[in-house]
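I opened this entry to keep track of what I looked up, one item at a time.

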Amino acid sequence: MRGLIAAEWLKLRTVRATVWSLAGTVVVATGFGAMLGSGFRDHEDQDFAPLVAGSLGLTLAQLCLVVFAAQAIGGEYASGTIRASLLAVPRRDAFYAAKIIAATLPVAAVAAVAVAGSFLAAQATLGDQGMTPWSDGAPRALFGGWLYLVLMALFALGVTGVVRRPAAALGVMLPLLLLGSQGLANVPGVGTVLQFLPDQAGGLLLGMAGPPDDPTFDRAYGPWTGMAITACWSATALAAGWWTLRGGLRPARRR
């Protein structure tokens, strides 16, 4: 298994998009954290939560990780090299697991840096309204941000495993994250259903939404339940990708 993971990591790091998407995650998270912190610096609302400035940037930074995940598992389908890979590794369970592990390890590391960068940049530019990583609610929001980014990347991995093309996966994920869940969730009645989408459910633990009794961010569940919903989405998507790989494309037989 170690050799399979090393082989998958070799594939990833030789693709230029890997470096750009992972580096873009940190740059976008930190940049937007600083920008939002500066914009909220003179905020006079007593209910303003400094955590929001450090969390909102992650909603854009996650797009870079979605691109990375789509390329990590869908690049071989797009290029046609998946047949050679399956000939070399006929054990599809091991092949799929190695891909997931090889993609998740850098995602976890980059997510930690991105979350810390976004938080520190936001709190530094907030001035007197800023908070420290040890302030009340901050540790949970930091851990929640890291867990959220990892789970959304895993969700994108599973979706790409089902549709088998990076472009098709991005065509599903980007409208969902940019237009569907974020925009339509504010429409009365529609938000009651869309609150159970992965990004909406996971955002509660990041401090981007209030408690269930908050009329501004009404939720039918608590922060940890919301993250569990996101985890269920990710697990279901990965299981669907595994099922597709097992029952779909098969390597050509040698004559």
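**Entry 1: one lysine.** I began with the contacts of Lys-99. Setting aside neighbours within four places in sequence, I found Lys-99 in contact with Glu-8, Ala-72, Ile-73 and Glu-76. I noted that the model is a predicted one. Lys-99 sits in helix α5, which covers residues 92-126. Is Lys-99 buried or exposed? Its relative accessible area is 6%. The cut-off for buried is under 20%, so Lys-99 counts as buried.

**Entry 2: a helix pair.** I stayed with α5 and looked up how it meets helix α10, residues 223-247.

Which residues meet between the two helices? From α5 I listed Arg-92, Asp-93, Phe-95, Tyr-96 and Ile-100. From α10 I listed Ala-237, Leu-238, Gly-241, Trp-242, Leu-245 and Arg-246. Sorted by class, this contact has seven nonpolar, one polar and three charged residues.

**Entry 3: a leucine.** I moved on to Leu-177, which lies in helix α7, residues 166-184. The relative accessible area of Leu-177 is 3%, so this residue is buried.

**Entry 4: the whole chain.** How many helices and strands does the chain have? I counted ten helices and zero strands. Read along the sequence, the pattern is α-α-α-α-α-α-α-α-α-α. The chain has 255 residues, and buried residues make up 47% of them. I looked at contacts with a separation of 6 or more, and 76% of these join residues 24 or more positions apart.

**Entry 5: confidence.** The mean pLDDT of the chain is 82, and 84% of the residues reach 70 or more. Over residues 250-255 the pLDDT is below 50. Beyond near neighbours in sequence, that stretch has eight contacts in the model. Where pLDDT is low, the predicted coordinates should not be read in detail.

Definitions and conventions:
Residues numbered from 1 in each chain as written. Predicted model: local features only at pLDDT ≥ 70, side-chain atom pairs only at ≥ 80, totals over all residues. Heavy atoms only, no water. Helix = DSSP H or I, 4+ residues; strand = E, 2+ residues; numbered from the N terminus. Buried < 20%, exposed > 50% of the residue type's maximum accessible area, 1.4 Å probe, protein only. Contact = heavy atoms within 4.5 Å. Axes fitted to C-alpha atoms, helices over the stretch in contact; angles between N-to-C directions. Nonpolar A, V, L, I, M, F, W, Y, C, P; charged D, E, K, R; others polar. pLDDT = per-residue confidence, 0-100.
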